[in-house]
Amino acid sequence: MVLRRSPKSARSPRNQIIIGDCIKELAKLPDASVDLVFADPPYNLQLEGELLRPNNTRVDGVDDDWDRFESFGDYDAFCRAWLSECRRVLKPDGALWVIGSYHNIFRLGAILQDLGFWILNDIIWRKVNPMPNFRGRRFTNAHETLIWASRDQKSRYTFNYESLKALNDDLQMRSDWLFPICSGPERLKDEGGRKAHPTQKPEALLHRILLASTNPGDLVLDPFFGTGTTGAVAKRLGRSYIGIERDEDYANAAHERIAKVRTLPASALETLPSKRSEPRVPFGTIVELGMLKPGSALFDQRRKIRAEVKADGTLKFQKTQGSIHRLGAHVQGKQACNGWTFWHFETGGQLKPIDELRERAKQHLGLTRMQSLAAAE
């Protein structure tokens with residue numbers, strides 16, 4: 001649905017494209033109502049005159065009025081205004097992605113930090129098929145930069161780490177992403193066969209972003225909606241969206257595009273569960289359940305260090321006693337340690353990490369909970 005809105009309402013619209021100035025329309029959205037913002041703002045490319053190829057044909061670059069600002073000061077004031085509103089409408093555990101080029105991304109990064117956002121990563125989008133540098137005076141500009149930031153330093157932002165790792169053949173997803181620019185059938189065209197929007201982003205890029213940092217049902221805001229890439233991908237992945245766009249032609253193209261998208265079935269949207277979301281099982285529970293008895297021994301992987309398990313779930317090595325994490329850090333002379341992977345127990349003549357016992361405990365507790373519920377019924 002494409003709409004024009006009246007003053008601020010108590011609830012955020014969902015799956016709607018709002019026509020209007022992004023700063024004015026953002027001001028009408030309620031506080032703390034959005035899970036994620038993806039922003040593809042004007043880059044302020046500062047182009048002067050036409051750019052020609054060696055054969056003297058014109059390059060179809062970005063020379064629209066919406067990308068022109070009188071000065072860096074004007075551009076900074078504009079960005080500070082819309083980013084301030086985005087931070088206001090984000091939930092406390094929300095996050096923001098913003099994409100740019102060398103023309104603007106460093107200015108955006110400074111403003112984000114000034115406003116209190118907490119930068120999590122910068123992502124390099126390497127373009128498989130970048131536009132050549134026709135003048136031969138600079139390197140070919142073959143990438144764009146994305147900044148991923150949480151609303152503030154303490155935000156418990158969504159990051160589907162396990163899903164991203166699986167997407168990358170069980171390797172940690174890196175901060176350099178390789179995608180082609182939007183082209184072929186995906187590139188929207190107007191009635192004259194020209195690009196409907198000069199900076200349309202590929203759906204593959206938004207797919208990865210939304211898969212990484214949202215969950216089904218989350219609300220995604222795009223204050224520079226253009227022809228609706230964010231909305232199309234959000235709808236396909238079972239997320240809701242709000243798009244703000246001041247150009248009616250872009251908004252109408254986005255509406256037609258999104259109407260053709262079908263949401264994937266819920267079963268196809270299932271992702272690997274995050275370990276952070278799993279119930280916490282302290283080491284003391286392992287002792288209480290009898291999986292390790294007080295007085296039993298734990299070792300490092302090379303059997304050079306032997307610690308004794310105590311009844312309260314602590315470990316003791318020589319004269320030092322503490323949690324599995326504190327004692328693990330102490331014996332290594334480090335500031336921190338993941339005791340679950342450092343300490344090992346012996347079974348069948350082999351050493352195995354105590355993390356295996358934690359997994360067993362989770363299964364046991366889950367089974368016990370199910371049995372209790374069945375008994376109550």
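1. Helix H2 passes helix H3 in a right-handed crossing, where right-handed means that the near helix is turned clockwise from the far one by less than a right angle, and left-handed anticlockwise. The helices are DSSP runs of H or I with at least four residues, strands are runs of E with at least two, and both are numbered from the N terminus.

2. The model is predicted: local features need pLDDT of at least 70, side-chain atom pairs count only at pLDDT 80 or more, and totals for chains, interfaces and linings use all residues. Residues are numbered from 1 along each chain as its sequence is written, and side-chain values use heavy atoms, with hydrogens and water left out.

3. H2 covers residues 72–89 and H3 residues 105–115; their axes come within 10 Å and cross at roughly 45°. Axes are lines fitted to C-alpha atoms, for helices over the stretch in contact, with angles from 0 to 180 degrees between N-to-C directions. H2 and H3 are therefore oblique to each other (under 35 degrees is roughly parallel, over 145 roughly antiparallel, 65 to 115 roughly perpendicular, the rest oblique).

4. Which residues of H2 meet H3? They are Phe72, Tyr75, Asp76, Cys79, Arg80, Trp82, Leu83, Ser84 and Arg87, and on the H3 side Arg107, Leu108, Ile111, Leu112, Asp114 and Leu115; contact means heavy atoms within 4.5 Å. By class, the contact of H2 with H3 has 9 nonpolar, 1 polar and 5 charged residues (Ala, Val, Leu, Ile, Met, Phe, Trp, Tyr, Cys and Pro are nonpolar, Asp, Glu, Lys and Arg charged, the others, Gly among them, polar).

5. Helix H6 (residues 229–236) is largely enclosed by the rest of the structure, because 6 of its 8 residues are buried (under 20% relative accessible area, with a 1.4 Å probe and protein chains only). The buried ones are Thr229, Thr230, Gly231, Ala232, Val233 and Ala234. Their cover includes strands S3 (34–39), S8 (219–222) and S9 (240–245), and helices H5 (203–213) and H7 (248–259). Just after H6, Gly238 has a positive phi of about 75°.

6. H5 packs on H6 at an angle of about 55°, with the axes 9 Å apart, and the crossing is right-handed. Glu203, Leu206, His207 and Leu210 of H5 make the contact with Thr229, Thr230, Ala232, Val233, Ala234 and Arg236 of H6. By class, this contact of H5 with H6 has 5 nonpolar, 3 polar and 2 charged residues.

7. For the whole protein chain, there are 11 helices and 15 strands. Of its 377 residues, 43% count as buried.

How values were computed:
Buried < 20%, exposed > 50% of the residue type's maximum accessible area, 1.4 Å probe, protein only.
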